[in-house]
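Subject: Structure handover, pockets

Hello,

Here is the structure I said I would pass on. My notes on its pockets follow below it.

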Amino acid sequence: MGIVIGIDVGGSTTKIVGIDDKEIRNPMFVKATDPITSVYGAFGKFLDSNSLTLEDIKKVMIAGAGSSYVSKSIYNLPCEKIAEFKSIGLGGLYLSKLDSAIITSCGTGTALVYAKAGEEPKYLGGTGVGGGTLVGLSKKLLSMDNVEHISNLAKTGSTEKVDLKIKDITKADIVPGFGDIMTASNFGLMDDRATKADIALGIINMVFETIGMVSIFAARNYKTRDVVLTGNLSGVSQAPAIFETLNRMFDMNFIIPENSRFGTVIGAALAGIE
């Protein structure tokens, strides 16, 4: 039957995965500043890691912002470009095993897609707040631009000296039981005694709360509680706790599935076997 390869070409990172009879094979990252270099590097690395040859590949499906740089067939294999938003929708439903959901792709920015089995995924819009925001603010405020390092620093931080909470401005229980933790204003307190770890967590919290609220509004519009988080940012270690709080606060069902960072590239490969 042959393996369908999905490639998601980003600005600095390319992801690749194989789908063999709807089973995922070894998703991986390759970093390169040039999109063409990263595509061929990812392809070669995937073949070598899986002991495959070109004869084992049925088709190559290419998605992502950098896919426009790929103008020729890869090693004379059948190649097809797939719309990123379709890839986001297909990948999110596959990973979550849901029939319908809002799929929120957390990359450099954030894109929202409504996906339903048997229908074309619908792009809903999004927000410019995402991984780029996290890195940009951290570079300016903390002199750090590595997401893993920022996340590790934030593990010892607290938002108590950074964010203004509902409890700080009113005694009213706006959302019963959550006044002590609900944010009234991200960075609205910013105490002089806040540490770098506090600031790092404040930035992460602001980015995820923004993504979360935009996703909640989209979900309510489609009368669903299910939101599937995919993309690189979904792998940040603080994500599960922050989104679980939003689940409890707003009666939502945010899901971060296994292999969430590879949602789009998995969706691209799946489109090749539809």
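The lining of the largest pocket draws at least two residues from each of S1 (3-9), S2 (13-20), S3 (23-31), S6 (100-106) and S7 (110-116), and from each of the helices H2 (84-96), H3 (131-142) and H4 (147-154). Helices (H or I, at least four residues) and strands (E, at least two) are DSSP runs numbered from the N terminus. H4 gives the largest share of this lining, four residues.

This is a predicted model, in which local features need pLDDT of at least 70 and side-chain atom pairs count only at pLDDT 80 or more, while totals for chains, interfaces and linings use all residues. Residues are numbered from 1 along each chain as its sequence is written, and side-chain values use heavy atoms, without hydrogens and water.

The largest pocket holds about 1,200 Å³ of space. A pocket here is an open set of points on a 1 Å grid over the protein atoms alone where a 1.4 Å probe fits, with protein on both sides within 12 Å along at least five of seven lines; lining residues have an atom within 4 Å of a point. A volume is the space filled by probe spheres set on the points, which are joined across faces, edges and corners.

Of its 38 lining residues, Thr13, Lys15, Thr108, Asn232 and Leu233 are the closest to the centre of the largest pocket.

The second largest pocket has about 370 Å³ of space. Its lining has 19 residues, with Ile181, Thr183, Asn205, Glu209 and Thr245 nearest the centre. H6 (239-250) and H5 (196-221) each supply at least two lining residues, and H6 gives the most, six.

Regards
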